[in-house]
Amino acid sequence: MKLTEPGLDPARPHWGPSGDLIVMQAYQQGTFDIWMMDSDGEGLKPLTGAPWDEREPELSPDGSEIAFVSDRDGSYDVWTMTLETGALTQWTDTPEEEAYPTWAADGNRIAYVADRTSIKEVSRAGDIRALVSDIQGIAYAPSWSAGDNEPISWIRSTPGKTELMLGDEVRLDGHDVFPFRVDWQADGSAVLAADGQLMRLEAGSDDLVPIPFAASLSIDRPNFSRENDLVGFGRHRVKGIVTPALHPDGTQVAFAALNDLWLMTLGEAPQRLTNDVYYESDPAWSPDGERLAYVSDRHGALDIWIREMASGKTWALTNSDATELYPAWSPDGSRLVYQNAAGDTKVIDIASGESRAIVEGMFQPGRASWSADGKHVALAGVVPYTSRFREGTNQVLVVDVASGEQRFYPVAEHASITTRSDNGPVWSPDGGKMSFVLDGALYVMDVSAEGRPTGEPRRVAEGIADSPSWSGDASRLLFLKDGQLKMVSLDDGEVQNIDVRLEWTPQELPESTVVHVGRLWDGASDEVLTDVDITVVNGRIAAIGSHDDNRPQGNVIDASELTAVPGLIEGHTHQTWGNHTFGYGARQGRLLLSMGITSTVSVGDLAYRAVGDHEAIASGKRVGPRFFYTGGPLDGSRIYYNAMRPVADEGQLAAELERAEALDFDVMKTYVRMNPAFMKAVSDEAGQRGVPTYSHFLAPGVYLDQSGTTHLGATERLDYSRIGSLTGRTYQDVIDLFSRANMSVVSTFFAVEPSLFGDNDIRDDVRVKALVPRAERDALQEAFDSDSSPDNSHFLAQYADNPETFARIVEAGGRLIAGSDSPLDFVGFGLHSNLRWLESGPLTPFQALRSATAVPAMELGLHEQLGTLEVGKMADIAFVRGKPDEDIRDLIKVEMVMKGGHAYRVEDLVAPFSMNLE
């Protein structure tokens, strides 16, 4: 009998001793709360609510109290609630992170896990004693054996293995024991979950006896059609206006668009400041308006550049193989504050070029700005609620430039600056205010000279805002809304539209071409053709036929020693994170193409940078694959990554969806802390527009109309996965759900497949040396040097069975898409690593290759345009040396790639960054 609906999103239920009550944790309200219901599902109600997380409830032996853990006091502590009165009592108050409380039979003691590595007991009097210490592994779900006999039982997780423990001794091994409370019976037997079933462990035996259980799941999902197209002819208004900066006098705006920097006098057409193949971004005006700092990779890596506006003279202020970002001028114009890919915030003296760090190693900090007296800088940083889980809120961090002293200020109680990218805080030039984006909208808050809030935030413009920039007199704010520039006056609140008279047209069609290839795998079948001519007209395949030496001459490419395969589609990227935060810049598109990747799909990005990247590539101003993009994933009240967007209420959700439509997102993603009702609203609204929606959740995502999961196993809001066990095993119910619900899944192995370090070592590849940032090459070397394996790493162990699981999903008719989650995995060759992992299991090379060609094309609704080499389809083709249809390791041996009929040889893609080879 089904007791609850999927929108409740319940977990860890516990029966009361009389059998008439059930308590559980549930996520319906957007935080983890304690809920209770009658045993027949009636009387369902929450007992706790936002803003805290309360988890893992258990009813007391007499049924009068509930024990649970709560983070309401700065870390997870053990609390109890009296059911009759609702009164709360805190049982522990330690810096440790407590979890999985369980009552002793006398009702006066509670055992729990502390910091994942010990099990302790606390009495009503507050006395704490250790029951199991120095655990080698991770501890879950303690429970008292029958009669409170010590030692206590618990679940131990080590890489690839789970065991039922009694104190320090192993009670049961050799099984996939799930991390849930064991129910001990009076006769010494126990009921537990293991090996994908409910089991009875017989007393004094290692025998597990299955307990019969079956349930039928009814899945009623809408059949949304995919409505996607490729960029056609005509002129398009530029929406990808990236990091606009208002001149101090308020009459001009500098911004990045179409792969260049632009300067626009208000009321006039923009004028190009740069015109090259390199990446430019983050313009920042000097206080006198005579110089412009910006980011460019003209010297091979992202550096800070300065332009004298009167003369047009430019020079690199920094010149290293690191990544420098986000410049901002000091009030006296003598210094810049900037950041790098390592999360350092630095101050550099412009005259001497000397720099020093004032914040080191911060996780994805926001762009910094200066106080009026030049003594402090402010930036956005994430402050986690606890150390048990990583999520928190984006707050204002004020740093004393001289001493490095740091102080965080929340912009509102339990609320976040919307992202830590281009959403502030931005200090006003007069030092009395900060501007930032809160709940998606533009706000201003009064502050002291030291950055301390002196008033409540006040909303100054409606709708979803980005990139606030002050006028020099602090009377106006420039910002972006729905792909348009706006200006708001703080005096009267009037919002002015700023017309940007800038358009783009698609890249010109290439000349007709015939490519003679030695072998061709079309992606539609496992058949391979030999000695073939591919005729390309207007960017599409016009004919595929046997080679003819007498064919009329024209533009002919001899690839007779190469194999042609469909251009690869990278199914999981965060492309503008890669461009900017990870320092790839213009190298990223070239690296991707050089790896045979002709399309990429973003499932979470910095919105205007993503639109800008798409427009730059589609117009031919930047070299790269087709880019199917989205903005920051929509999230709940607690966030982690810099681009996640916490959604506060239905009004903001509606505005976020309007923005997604205005910016023409190809994909939507909801992240792990969004509540189920909002997840479904996003899926249904986007689905009506033909846009797929993804999350990390098979359940409840399958019931919330989501199109698929972007991982098999990754970040969850629970402390376990509903897809795979702690050992990484997946059971038949998951396979059935993926196939019968028609949900896709993306591979994302997150580990370099070892053969990449074998023959043709990837570290020695010219593409990697020229086009991969130094920090990423260092990470690649660390991966080679690492001794981590599924035998000693929980992280790697959870992926060990994935090749077999993916094969089972494909065999059952599910949709498997290859994707790397770059730049969290390596850009470009991360996809090849995933394909090699897939082929290392039961999948054939043909099946693995289709996961990066035909299947993602179908997922995008573009199977009549992309994914296979057939007449009428776009000429997106990778030309490789070898036989990737037989040995998938040959797939990386790309010598030429064609996107829409435009041919790019690897040496030409590398050439603008050949300085990195010296």
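Stop 1: Select Arg 388 and Glu 56. Their side chains form a salt bridge, with N to O at 2.7 Å. Arg 388 sits in the loop between β35 (376-384) and β36 (392-400), while Glu 56 belongs to strand β5 (residues 54-59), so the pair ties together parts 332 residues apart in sequence. Now check burial, for which the cut-off is under 20% relative accessible area. Arg 388 is buried at 18%. Glu 56 is buried too, at 2%. Keep in mind throughout that this is a predicted model.

**Stop 2: other salt bridges.** Side chains of opposite charge can pair when their charged atoms come close. The count here comes to 47 salt bridges. Go to Glu 5 and Lys 2. Their side chains meet at 3.4 Å, N to O. Are Glu 5 and Lys 2 buried or exposed? Both are exposed.

Next, select Lys 161 and Glu 163. The closest N and O atoms of this salt bridge are 3.4 Å apart. Lys 161 is partly exposed, at 37% relative accessibility. Glu 163 is buried, at 4%. Then pick Asp 53, Arg 55, Asp 71, Arg 638 and Arg 673 together. Salt bridges with shared partners join these residues into one network.

**Stop 3: the whole chain.** Zoom out and show the cartoon. The protein chain has 14 helices and 63 strands. Its radius of gyration is 29 Å, close to the 29 Å that the globule rule gives for 918 residues, so the chain is as compact as a globular protein of that length. Along the principal axes, the C-alpha trace spans about 85 × 70 × 50 Å. Colour by accessibility: of the 918 residues, 60% count as buried.

**Stop 4: the second largest pocket.** To centre the view, select Asp 229, Leu 230, Val 231, Gly 232 and His 614, the closest to the pocket centre of the 41 residues that line it. Which elements give two or more residues to the lining? They are β21 (236-237), α3 (607-618), β53 (626-628) and α4 (650-662). The largest share, five residues, comes from α3. Colour the lining by class: 18 residues are nonpolar, ten polar and 13 charged.

**Stop 5: helix α3.** Stay on α3 and hide the rest. This helix has twelve residues and reaches 16 Å from its first C-alpha to its last, close to the 16 Å expected at 1.5 Å a residue. How many of the residues of α3 are buried? Twelve of its twelve are. Among them are Tyr 608, Arg 609, Asp 613, His 614 and Glu 615. Step past the helix to Gly 620. This glycine follows α3 and has a positive phi, near 85 degrees.

**Stop 6: helix α11.** Select residues 829-839. This is α11, mostly covered, with nine of its eleven residues buried. The buried set includes Phe 829, His 832, Asn 834, Arg 836 and Leu 838.

**Stop 7: two cis peptide bonds.** The peptide bond from Ser 822 to Pro 823 is cis, with omega near 10 degrees. Now jump to Pro 425, in the loop between β37 (406-409) and β38 (426-427). The bond from Gly 424 to Pro 425 is also cis, with omega near 10 degrees.

Stop 8: Select Ala 474. Its phi is near 60 degrees, a positive value in a residue other than glycine. Ala 474 lies in the loop between β42 (465-470) and β43 (476-481). With a relative accessible area of 6%, Ala 474 is buried. Then select Asp 664, where phi is likewise positive, near 60 degrees. Asp 664 lies in the loop between α4 and β56 (668-669). Asp 664 is partly exposed, at 41%.

**Stop 9: a strand residue.** Finish at Ala 193, in strand β18 (residues 190-194). Ala 193 counts as buried, at 17% relative accessibility. Ala 193 and Val 182 are eleven residues apart in sequence and 7.9 Å apart in space, C-alpha to C-alpha.

Terms used:
Residues numbered from 1 in each chain as written. Predicted model: local features only at pLDDT ≥ 70, side-chain atom pairs only at ≥ 80, totals over all residues. Heavy atoms only, no water. 1 Å grid on protein atoms, 1.4 Å probe; cavity = no way out; pocket = protein on both sides within 12 Å on 5 of 7 lines; lining within 4 Å. Helix = DSSP H or I, 4+ residues; strand = E, 2+ residues; numbered from the N terminus. Nonpolar A, V, L, I, M, F, W, Y, C, P; charged D, E, K, R; others polar. Salt bridge = Lys/Arg side-chain N within 4 Å of Asp/Glu carboxyl O. Buried < 20%, exposed > 50% of the residue type's maximum accessible area, 1.4 Å probe, protein only. Expected span 1.5 Å × (residues − 1). Rg over C-alpha atoms; globule rule 2.2 N^0.38 Å.
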